[in-house]
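Thank you all for coming. I would like to walk through a few local details of one structure, so please bring it up on your screens.

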Amino acid sequence: MTDEPLLDIRDLSIGLRGDGVGYDIVRNVSMSLYPKEILAIVGESGCGKSLTALSVLALHASPPLHITSGSIMYDGRDLTKVSASQMRAVRGAEIAMVFQDPMSALDPMFTAGTLLTSAVQAHHKVRYDVAKSRALEALADAGIEDPRRRFGEYPFQLSGGVSQRVMIALALINDPKVIIADEPTTALDVTVQAQILDRLKELRAERGMSIILITHNLGVVASVADRMVVMYTGEVVESGMVEEVLATPQHPYTKGLLGAVPRLNSDAATLVPIMGRVPQPNELPPGCSLPIVAAESSMSAGPIARILRYMVTP
Ligand SMILES: Nc1ncnc2c1ncn2[C@@H]1O[C@H](COP(=O)(O)OP(=O)(O)O)[C@@H](O)[C@H]1O
Ligand SMILES: [Mg+2]
């Protein structure tokens, strides 16, 4: 970890600006992703994890959301300042994303093969048969057993686990240096979750990729990640090596998160719930970000499907 960071987010703030509203949702967030590491971002629903991740590829809804300060350095460039065409060259080819709900992220109108071959052809001037053989390879790389059959199938024909592998294939197909996986296994059952996470770990080892893994599952963090960043109400409240943060959590929210993890040798009576709800960004109390209050939010199917089309459209 003596290398330079591959991706360096510095003092990033993202604000909501519109008729009569103006406040920052993500505030002064800094985090670095080093080569070949798996960095976990944890935090409750609505704390700004997805927004931070989406902003790396300028995929946040803008307007009404805007980057109000800070920088996202990648390969000597500030991604918050590059042109739309420069960003399209980064998106999918250098940095790729895997979204939470594969069923809604995959466009129902296209077969897995069409999505994958268009993702190749968005970045490389190659003939269809070349794109197709890359697509079949990527499906196999994502751990799909029968790539030829899946190539011709529509999303409704795929199980949740296979859909998520197709999303991973889509992310892998142009051999990116960074994969950002936003709750990639939350919608899947536990066995499939474990297989997908194992595959991500293998890919890091085989290809030397760096991965940002967004999750609210500390078990996943402990088994997969090298370092972790804890977010709370739009801010980074703690970060460090996973073992250190989990062994000696500093922030009350992190302590609360750990207290809420069920352990095999503990009975239900020792499970500590985190009380209240996360405050909305426009109702933050003064002072530092302490756990007081909570909010439920997630992106609906619509924007995700649009985002994915955006990624495969040159
Ligand atoms: N397009 C949007 N317009 C307005 N508010 C948004 C938009 N997207 C996200 N938000 C708000 O930003 C906050 C953080 O959301 P998000 O990054 O999705 O949280 P997380 O991924 O941590 O669950 C939430 O309060 C959410 O309501
Ligand atoms: Mg999210």
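Helices (H or I, at least four residues) and strands (E, at least two) are here DSSP runs, numbered from the N terminus. What you see is a predicted model, in which local features need pLDDT of at least 70, side-chain atom pairs count only at pLDDT 80 or more, and totals for chains, interfaces and linings use all residues. Residues are numbered from 1 along each chain as its sequence is written, and side-chain values use heavy atoms, with hydrogens and water left out.

Let me begin with the backbone. Most residues other than glycine have a negative phi, and most peptide bonds are trans. In the loop between helix H1 (49-56) and strand E4 (65-74) we find Pro 63, which is joined to Ser 62 by a cis peptide bond with omega about -10°. The bond from Pro 63 on to Pro 64 is cis as well, with omega near 10°, and Pro 64 is found in the loop between H1 and E4.

Turning to phi, Lys 36, in the loop between strand E2 (21-33) and strand E3 (38-42), has a positive value near 65°. Thr 233, in the loop between strand E9 (227-232) and strand E10 (235-241), also has a positive phi, near 40°. Is each of them buried or exposed? Taking buried as under 20% relative accessible area, exposed as over 50%, and partly exposed as in between (1.4 Å probe, protein chains only), Lys 36 counts as exposed because its relative accessibility is 53%, whereas Thr 233 counts as buried because its value is 6%.

Definitions and conventions:
Chains lettered and ligands numbered in written order.
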